[in-house]
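This report covers local and overall features of one protein model. The sequence and structure come first, and the details follow.

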Amino acid sequence: MNSEYYGILEVNKGATASEIKKAYRKLALKYHPDRNENDKGAEEKFKQVNEAYQVLGDKEKRGIYDKYGKKGLDSQGFQGYSDMNMDDLGSIFESIFGGAFNSGFGGAGGGRQKKRKYPLDSAIELELDFKDAVNGCKKDIKYTFKEPCNECDGTGAEDGHIDKCSECQGKGQVFYKQGFMTFSQTCPKCHGEGTSAVRKCKSCVGKGFVEDLNSTTVDIPAGIDNGNRMRVSGKGNVDEYGRSGDLYIEISIKEDDVFVRHDDDIYIEVPILFTQAALGADVIIPTLTGEMTLSLKTGTMDKQQFIFKKEGITNVHTKEKGNLVAQVKITFPKTLNSLQRELLEKLNISFGKQNTHTDNIGEKIGKIKDWFK
Ligand SMILES: [Zn+2]
Ligand SMILES: [Zn+2]
């Protein structure tokens, strides 16, 4: 009966609140994603442990669960945490233990939860040349990252001298009355921290953090596409415990003059003269790796497409290659010299078309006139 959560936390049903918290702390630490990178089993365990603790760590929810099980919680709008991503769970974990996974959860109780002034992960944009995206490349990138200000120890206050916020008297919340109701909101002066600097730190202008410039080299895999995101582990912002977040690189790719990309396929337009289309011809076309010959047969059509299998782009995930699609564009000369005109007229006559204009047009105009009757 309703013992699943107790089983997950490995405590018995009569466990005290502090025993439950202790058990959670131990298991969450064991399965924490920072210690079990890319371990799906550990990730699942971590989720379960969190879900169990969200219930058993809360007196009211635990009471409902003991009596009515998960169903009882569902009817209270409790959703469970299995659909949450790991970042959300990490924040829950930190909100319970006051942050600082690496610090081993320091002093008992953790004290007041400290609000981080900036997210640990950061992002930059990177624009690549078409060829670099197709072939892959190494790129030196410059990026900025935030870290706590040394001068004020991340407090934003000169000499680290902070005082209770004068606006909310250190509560982090301000209260106001409307009629007989009292409402509260996060203090606008200290943003809920409850403290404020006596004087602002000059070095960080009271922000508590500074931005530094750094650079690194990243390996861009062949086939990377517009909108892809790359993660560079440990190059994000740094917190007061020296932990680094990740740097995300958002990729965009410049257009190419010759090739048009569509997913892993590459399109090129091949302009040929109408005589080549009529006679057939071997045409040299550019490919991603060099060039090759497109053999056109007699009577090639305008916009006709020729597919070269696996001459396209290497898919960045599957490593399979797309196709190269060459599309013919038939062109006509704007002017003719006298020899060309003579030859074309002879050709025209050879097709028996010398009187085409007078033969057919009259009839066609008659038809068009019928449309407007
Ligand atoms: Zn400072
Ligand atoms: Zn305040």
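Asp153 sits in the loop between strand E2 (137-148) and strand E3 (162-164); helices (H or I, at least four residues) and strands (E, at least two) are DSSP runs, numbered from the N terminus. With a relative accessible area of 64%, Asp153 is exposed. The classes are buried for under 20% relative accessible area, exposed for over 50%, and partly exposed in between (1.4 Å probe, protein chains only). The phi of Asp153 is near 60 degrees, which is positive in a residue other than glycine. His191 also has a positive phi, about 55 degrees, and is not a glycine. His191 belongs to the loop between strand E5 (181-186) and strand E6 (195-197). Most residues other than glycine have a negative phi.

The model is predicted: local features need pLDDT of at least 70 and side-chain atom pairs count only at pLDDT 80 or more, while totals for chains, interfaces and linings use all residues. Residues are numbered from 1 along each chain as its sequence is written, chains are lettered from A and ligands numbered from 1 in the order in which they are written, and side-chain values use heavy atoms, with hydrogens and water left out.

**The chain as a whole**

The protein chain contains 9 helices and 15 strands. Of its 373 residues, 34% are buried. The chain exposes about 24200 Å², of which carbon and sulfur atoms supply 49%; accessible areas come from the Shrake-Rupley method with a 1.4 Å probe, and for residues only the protein chains shown count as cover. Among contacts (heavy atoms within 4.5 Å) between residues at least 6 apart in sequence, 62% join residues at least 24 apart.

**Helices H3 and H4**

Two packed helices are described by the angle between their axes and the distance between the axes. Helix H3 (residues 40-56) and helix H4 (residues 59-74) have axes that come within 9 Å and cross at roughly 125 degrees. H3 is therefore oblique to H4. Axes are lines fitted to C-alpha atoms, for helices over the stretch in contact, and angles run from 0 to 180 degrees between N-to-C directions. Angles under 35 degrees count as roughly parallel, over 145 as roughly antiparallel, 65 to 115 as roughly perpendicular and the rest as oblique. On the H3 side the contact is made by Glu51, Gln54, Val55 and Leu56, and on the H4 side by Lys61, Arg62, Tyr65, Lys70 and Leu73.

**Salt bridges**

Side chains of opposite charge can pair when their charged atoms come close. A salt bridge here is a side-chain nitrogen of Lys or Arg within 4 Å of a carboxyl oxygen of Asp or Glu, and the count comes to 15 salt bridges. The table lists examples.

| Salt bridge | N to O distance |
|---|---|
| Glu43 and Lys47 | 3.7 Å |
| Lys70 and Glu51 | 4.0 Å |
| Lys303 and Asp302 | 3.8 Å |

Lys70 lies in helix H4 and Glu51 in helix H3, so this pair ties together parts 19 residues apart in sequence. Lys70 is partly exposed at 33% relative accessibility, and Glu51 is buried at 13%. Glu43 and Lys47 are 4 residues apart in helix H3, which means a separation of about one helical turn. Glu43 is partly exposed at 22% relative accessibility; Lys47 is buried, with a relative accessible area of 13%. Lys303 is exposed at 56%, and Asp302 is partly exposed at 40%. Salt bridges that share partners join Glu4, Glu51 and Lys70 into one network.

Leu247 is located in strand E9 (residues 247-253) and is buried, with a relative accessible area of 0%. Beyond its neighbours within four places in sequence, Leu247 contacts residues including Ser122, Ile124, Tyr143, Met230 and Val232. The C-alpha atoms of Leu247 and Met230 are separated by 8.2 Å, with the two residues 17 apart along the chain.

Thr298 is in the loop between strand E13 (291-296) and strand E14 (305-308) and is exposed, at 62% relative accessibility. Leaving aside neighbours within four places in sequence, Thr298 is in contact with Ala277, Ala278, Leu279 and Gly280. Its C-alpha atom is 8.1 Å from that of Gln276, 22 residues away along the chain.

**A nonpolar surface patch**

Tyr176, Phe180, Met181 and Phe183 form a nonpolar patch on the surface, together having about 460 Å² of accessible area. Patches are made of residues with over 30% relative accessible area and no salt bridge; like charges are joined within 9 Å, and nonpolar side chains (Val, Leu, Ile, Met, Phe, Trp, Tyr) within 5 Å. Tyr176 belongs to strand E4 (residues 173-178) and is partly exposed, with a relative accessible area of 38%.
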